[in-house]
Amino acid sequence: MLDIDSLEVSYGAVRAVRGVSLRVRKGELVTLLGANGAGKSSTLMAIAGAVRATAGRVRLDGADVSGATPEAMVRRGVAAVPETRDVFPDLTVAQNLQLGAFTRRRDQAGVLHDRDTHFARFPILAERLHLPAGNLSGGEQQMLVIARALMSRPAVLLLDEPSLGLAPLVVDQIFGMIRSLKESGLTILLVEQNAAKALAVSDHAYVMRLGRIEAEGPASEIAAATELKSLYLGAEP
Amino acid sequence: MNPAQFVLDVLSLGGAYALMALGLVIVYGILRLVNFAYGELIMVSGYTMFLVSGSGLPWLAMAACGVIMAVAAGIATDYLAFRPVRAKSVTAVLITSFAFSTLLQNAALLFISPRPRAVPLPELFSRTVEFAGVITPVRNLITIAVAVIMLGIFSWLMRSTALGIAMRAAATNFRMARMMGIPANLIISAAFAISGLLAGAVAILWIGRIGTVVPGIGLQPLLIAFIATVIGGMRSLQGAVLGGFLLALIDTSLNYTLPQDLLKFRDAFTFSLVILILLWRPEGIVRGPASGQRT
Amino acid sequence: MMARRNWLTFVLLGGVIVLVAVAADLVGDRLLLRITTNLCISMVLVVGLQIFMGNSGILSFAHVGFMGVGAYTSAVLTIPVQMKGMALPNLYPFLADVAMLPVVGMALGGLAAALVAALAVYPLMRLSDAAAVITSFALFVVLHTIMYHWSDVTNGPRTLFGIPKGTTLPLAAGVAIVAVLAALLFKESRVGRLLRASRDDEIAAASLGAHIPRLRWQAFIVSALLAGIGGALWGHFITSFSPKQLWLKETFVILAMLVIGGPRTVTGAVVGVLVVTASFEGLRSLEGAINRADVLSEPLVGMTELTLAVAMIAVLALRPGGICPSREVGYYLFRRRSRGP
């Protein structure tokens, strides 16, 4: 479904991503692991078109989409949730969700139907519908940005550190939701620091270090390979 | 001094100032571009009305032509002056907008005339009327009415339409807005078009006070919009409106109280105020929409 | 001290100025002498602006304001005493009896501009981007309003006349050469280097111990000094002027010269002045010829500025660094020479 070949990203003189190649098959949940600064987020943002790749190819269902703008990627069915958890704080929850469906604004009935489906998953959002998104808690904001990304009915979801800075209980909730999204058939590329939890829900995993892919394999194998842990675990147990 | 007169003066001046400020801030809020060519949109509108004045169209149709051309000129600013340098430095964008302002002014000098040209105005504009015990020009009441209507439309647009909400989102976090599938070019062109629309409305009200258009007519509205925007907080739409009315209050009060030989230094005072405000709060008094962190 | 290739740059740029001045002098045509003197004055102003903009990367709109400070200061100090009774009847008594030599007035004009800059702009120097541009523009409006309305000293919006002629081509060329030297020395000075480092990366420069507002302030003062001297040279060349001649059109021309030439290099400033002056004068004489031919119902105005505006936008879009984007002319020649056999 998603094919990345020799992707490079540089910020000035800093080469954040150095020739990353990876593949996400349809319906798969693939995790990208690595310590802070390994280039995971840059890889994800380059796929989403939000960061310009200096070299390499991105293919979506075989079509070359390298260098596409972020808005074009959304239209092609790739939605991204950056780790910065950017809700539009002055807009209400409802308006945030409406923006998520910007590419489908001709299909209001479908949009409202989808919104109700997401409310079943995140009932708290229905309660907060007319509050400014800036007033939500961190966990609620995370649910909002994920629900908002889903409003475009993506074929592929790029999730960057969804558990970052959240309370353990909320983290469990988020991972439960990721699992259910996968079961509903969505293709997901996940970037996580919480390796144990991420590997538990993933099919396949890649480990990045200093801008390169150091290892890859089925999630269970990566989880079992103790020698890799120092690469991606950082300070966490 | 009659208090009703004072209030009426502040409201009619403030209405015009608020529209001027809003037209500048709608572009600045989204693009961080101080559009020096904004005043020339007003000029374009004025000259359009001059050019169609012999056509025999009803006045409202001529005014509509003026507004439409201001919108077109706003969009042209985007395509000719902004897009080619968008990816480059802030400084480059500022300089092109300054150059584009010079370009439009000199085009007017070259193709029309350096001398003032009369703009058609309905007879109503020059009439006076007694209102709340004061005699006031009808155009002041028209200004207040137009300002209220335009601000109403604008507020509805930004609150209730998909485009307006998308523009507000883009003003807070342009990158994230694009990641919602909102096309950057659409938002930018819309901002310039709305800026032109407001400039067109301002042109009719502003030129309605003078009756003629000259190539340099845009400078004063631009300066007013600068001050009002800075007072109101650079990036906040409500702040721009508030700033417009505040500046009108300051100007009118100074007009009533300052002696003539100090009054001529008014611009020096107001612009010193601008500097002080920016030093105190570079983002302006009313804080704009909280910006999401960027990586 | 400057590296050898910078001395080479200085010699080349100074040589060009000398060459242009001597050539104009040999031809002896009055119009040409006039244009060349104006060119040298523009050189002082544009090189002055380059010192601030080129090193700090911040756009300043106030430059022509400081040019005005210099022009008016020198004018007030040098207008002959009996002339002052007519030109500035309400001048403060302590200034009414002063009549200095033009060169002294010019030096003091430059110092006055530098002093005003030193006192006024320090707090502004911590702002960047849009806030910096709007404050510099606001400062320009403040300076302009004062010049426009302080009738006792500037004769208000009316033309101030009776300024003694003191600017000759050799003087203007000499000052232009000094300005080029000053800009090159500044660029290579510690302040200049740190400032350029801060332009590219504020945090890194600050970590080197650079106090960025103070560096910008120092550059601005030097820049205002040259603006003031340039303004005074201009005043003593045209001998009568009004504040309307120190406003946005002049700002545009000076900015266009720097942007088209290349704001990051002194070579760019010099080249910009030469290129823009040449095309400006060419267009203006074309405009004049069309107007003299009387084929149009109204005189043609604005074509020159219109063309310049288009050229400026084109340069920014296609070659954002200007004609000489990053290296001084001496660099290329030096490299070539040291590579030779």
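Modeller: A residue is buried under 20% relative accessible area, exposed over 50%, and partly exposed in between (1.4 Å probe, protein chains only). This is a predicted model, where local features need pLDDT of at least 70, side-chain atom pairs count only at pLDDT 80 or more, and totals for chains, interfaces and linings use all residues. Residues are numbered from 1 along each chain as its sequence is written, chains are lettered from A and ligands numbered from 1 in the order written, and side-chain values use heavy atoms, without hydrogens and water.

Colleague: Is A:Arg85 buried or exposed?

Modeller: A:Arg85 counts as buried, because its relative accessibility is 13%. Its phi is positive, about 55 degrees, although A:Arg85 is not a glycine.

Colleague: Where does A:Arg85 lie?

Modeller: Helices (H or I, at least four residues) and strands (E, at least two) are DSSP runs, numbered from the N terminus. A:Arg85 sits in the loop of chain A between strand E6 (78-81) and helix H3 (93-100).

Colleague: Now A:Asp61. Is that residue buried or exposed?

Modeller: A:Asp61 counts as exposed, because its relative accessibility is 58%. The loop that holds A:Asp61 runs between strand E4 (55-60) and strand E5 (63-64) of chain A. A:Asp61 is not a glycine, yet its phi is positive, near 50 degrees.

Colleague: Which residues is A:His118 in contact with, leaving aside neighbours within four places in sequence?

Modeller: Contact means heavy atoms within 4.5 Å. With those neighbours set aside, A:His118 is in contact with A:Ala147, A:Leu150 and A:Met151. A:His118 belongs to helix H4 (residues 108-121) of chain A. Its relative accessible area is 10%, so A:His118 is buried.

Colleague: And A:Gln173, in which helix does that residue lie?

Modeller: A:Gln173 lies in helix H7 (residues 168-183) of chain A. With a relative accessible area of 48%, A:Gln173 is partly exposed. A:Ser163 is 10 residues away along the chain, and the two C-alpha atoms are separated by 9.6 Å.

Colleague: Which residues touch the most other members of the largest nonpolar core?

Modeller: A nonpolar core is a set of buried Ala, Val, Leu, Ile, Met, Phe, Trp, Tyr and Cys residues joined through side-chain atoms within 4.5 Å. The largest core has 263 residues, and A:Leu99, A:Leu158, B:Phe36, C:Phe66 and C:Leu255 touch the most other members. Helix H1 (residues 3-31) of chain B gives the largest share of this core, 17 residues. A second, separate core has 38 residues, including A:Leu129 and A:Ile178.

Colleague: What is B:Phe36 in contact with, neighbours within four places in sequence aside?

Modeller: Among its contacts beyond those neighbours are B:Leu94, B:Phe98 and B:Phe226, and also C:Phe61, C:Val133 and C:Phe137.

Colleague: Which chains share the most contacts?

Modeller: Of the 2 pairs of chains in contact, B and C share the most. Chain A and chain C do not touch, and their nearest C-alpha atoms are 11 Å apart.

Colleague: How many helices and strands are in chain B?

Modeller: Chain B has 12 helices and 4 strands. Its C-alpha trace spans about 60 × 45 × 40 Å along the principal axes. Buried residues make up 58% of its 295 residues. Take the contacts in chain B between residues at least 6 apart in sequence: 76% of them join residues at least 24 apart.
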